[in-house]
Amino acid sequence: MNRLTLLALQILVAVVFLLIWHVFTVYPLLGDTKTIQFFFSTPLQVLGRTWTQLTGGDIYFHLGITLTETVLAFVIGSAAGIFFGFTFARRQLMAAVFDPYIKAANALPRVVLAPIFALWFGLGIWSKVALGFTLVFFIVFFNVYQGVREVSPTVLANARMLGMNERQLFRHVYWPSALTWMFSSLHTSVGFALVGAVVGEYLGSSAGLGYKIHEAESVFDVTGVFSGMLILALFVIVIDSLVTFVEKRLLVWRPGQSATTTT
Amino acid sequence: MELQDRLHAGAGPAGVPGADTAPAVNLSGIDITFQLAGGHRYKAVTGIDLTVSAGEFVSVVGPTGCGKSTLLNAAAGLLTPSAGKVGIFGKPLSGLNVRAGYLFQQDALMPWKTALQNVAVALEPMGVPAAEADARARDWLGRVGLRAFVDRYPHMLSGGQRKRVSLAQMLIRNPEILLMDEPFGPLDAQTRQIMGNLLLDLWSKDRKALIFVTHDLEEAIALSDRVVVMSAGPAAGIVADYRVTLPRPRDIAEIRLEKAFHEIHRDIWSSLRVEVQKAYAMGEGKELVQGDAP
């Protein structure tokens with residue numbers, strides 16, 4: 001199937017979906033349109049509201065807050081994950097001792113921590129960063145741990161035969177291997193950083209995209225909720241394509257990332 | 001991992017360039033026993049005595065699973081023998097053999113580095129400045145015929161090209177002893193011949209001591225000064241030691257056609273065949289054949 005047909009079909013799905021939504025909310029097929037619109041809004045209203053929001057100024061302030069929280073959660077979570085991943089992978093006793101606690105902490109649904117973080121860090125950005133951190137940390141931690149453990153024994157033996165000391169092994173073998181694993185989970189960890197931020201905002205804050213959605217919801221403004229969700233989705237797509245771009249640059253050496261014929 | 005712990009065991013002996021009289025590698029009374037899962041012990045090799053002089057090209061052949069590679073790892077210091085002594089230029093080896101370069105059978109290049117980076121990084125432990133390492137790596141990649149491929153990552157290279165990079169990576173450090181563990185095993189027949197000639201060409205320039213492990217007897221004869229035959233494992237030992245007097249320089253594709261080659265081949269095969277048959281007879285009931293062709 002060529003690209004154009006595929007694109008046409010993809011657009012068709014959206015059009016059909018919006019059309020059904022439009023027909024059932026604007027025409028009185030299932031009862032009073034006022035009631036139906038109260039629950040489901042209409043696609044035109046949602047698009048209109050989204051347009052006003054995006055052309056007005058105040059949504060960018062909220063997006064900025066959410067973005068800040070996401071970036072902070074990602075950076076701090078990744079740094080901690082890398083550090084502990086490395087430490088544990090190189091110190092087997094430590095890894096064995098902490099193993100059940102790490103598994104238990106990772107099994108905990110992070111949402112239950114949100115009220116505690118709000119209590120500890122206040123309603124500002126840091127409680128959301130903390131929530132995102134708990135999500136990002138474990139993804140990066142497990143991947144880095146795996147990356148260090150899964151270094152090919154041949155590559156390692158070869159590097160040692162080349163005379164590398166511990167520091168050089170770290171730089172040329174362990175570190176790149178761990179980063180590979182981390183980058184391969186970049187989409188997941190960035191996504192979770194955002195989830196942490198939005199959920200945190202939703203549960204208690206005074207700014208951010210989660211706050212906007214919550215605010216609309218509390219006055220039964222369904223149009224506002226859908227519009228907030230749409231903006232969130234657009235935001236995620238932008239961030240995700242940025243991550244894809246970064247990933248392509250960093251993992252250029254991997255098979256499949258750039259197909260070149262071999263002789 | 002046991003291997004890793006051993007690697008930490010200590011630094012190698014200091015280089016003594018003057019000790020030319022001592023053999024490059026001297027294995028005496030080597031026993032190597034592995035501790036298997038479930039408390040079993042597997043004696044891979046026993047009572048190995050092998051001396052390789054400076055400038056000598058020695059091949060080790062033997063049936064699959066006879067411990068050829070194990071022996072090579074002992075000479076490299078990648079594993080410590082359970083008994084016996086490893087002498088390197090007259091000095092007992094402790095820890096990694098820093099005077100040796102090792103060419104592995106499997107891919108050993110760092111996949112996240114280009115060919116050039118892979119070769120240049122070999123000079124970093126020697127304290128060579130980056131710019132100089134870069135220039136020398138370019139030169140070496142040219143010598144192994146990869147001038148046009150310096151910026152390729154390993155996955156963009158063919159198996160033979162990756163071996164060439166590995167060869168350059170090993171040789172750029174100018175090690176006094178070369179250890180090769182079935183380096184051309186994964187390659188196809190034509191590439192093996194080309195690589196064999198390239199190896200002979202590079203080796204003949206400064207004639208390092210070289211131990212070449214292979215299961216291919218023809219390759220062993222075509223390349224070496226001496227062919228050492230190992231018996232079937234477990235508890236493998238050296239059963240025969242032949243001198244190959246074919247004149248150098250050799251072309252390993254053409255030398256196979258000569259009469260003298262056939263005579264040597266017949267001699268060595270007479271002792272190797274017994275061991276290969278033994279190995280296969282034992283292999284009927286056990287896991288011994290590891291995918292190597294006879």
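The model is predicted, so local features need pLDDT of at least 70 and side-chain atom pairs count only at pLDDT 80 or more, while totals for chains, interfaces and linings use all residues. Residues are numbered from 1 along each chain as its sequence is written, and chains are lettered from A and ligands numbered from 1 in the order in which they are written.

Let's start with the elements. Chain A has 12 helices and zero strands; helices (H or I, at least four residues) and strands (E, at least two) are DSSP runs, numbered from the N terminus. The C-alpha atoms of chain A fill a box of roughly 80 × 55 × 35 Å along the principal axes.

Now for a pair of helices. H4(A) and H10(A) pack at about 130°, with axes 8 Å apart. This makes H4(A) oblique to H10(A), because angles under 35 degrees count as roughly parallel, over 145 as roughly antiparallel, 65 to 115 as roughly perpendicular and the rest as oblique. Among the H4(A) residues that meet H10(A) are Phe74(A) and Gly77(A).

Next comes the partner chain. In chain A, 20 residues are in contact with 25 residues of chain B, where contact means C-beta atoms, placed from the backbone, within 7 Å. On the side of chain A that touches chain B, H8(A) gives the most, with six residues.

Here are the helices named above:

| Helix | Residues |
|---|---|
| H4(A) | residues 58-90 |
| H8(A) | residues 153-161 |
| H10(A) | residues 186-203 |

How values were computed
Two residues are in contact if their C-beta atoms, placed from the backbone, lie within 7 Å. Axes are lines fitted to C-alpha atoms, for helices over the stretch in contact, and angles run from 0 to 180 degrees between N-to-C directions.
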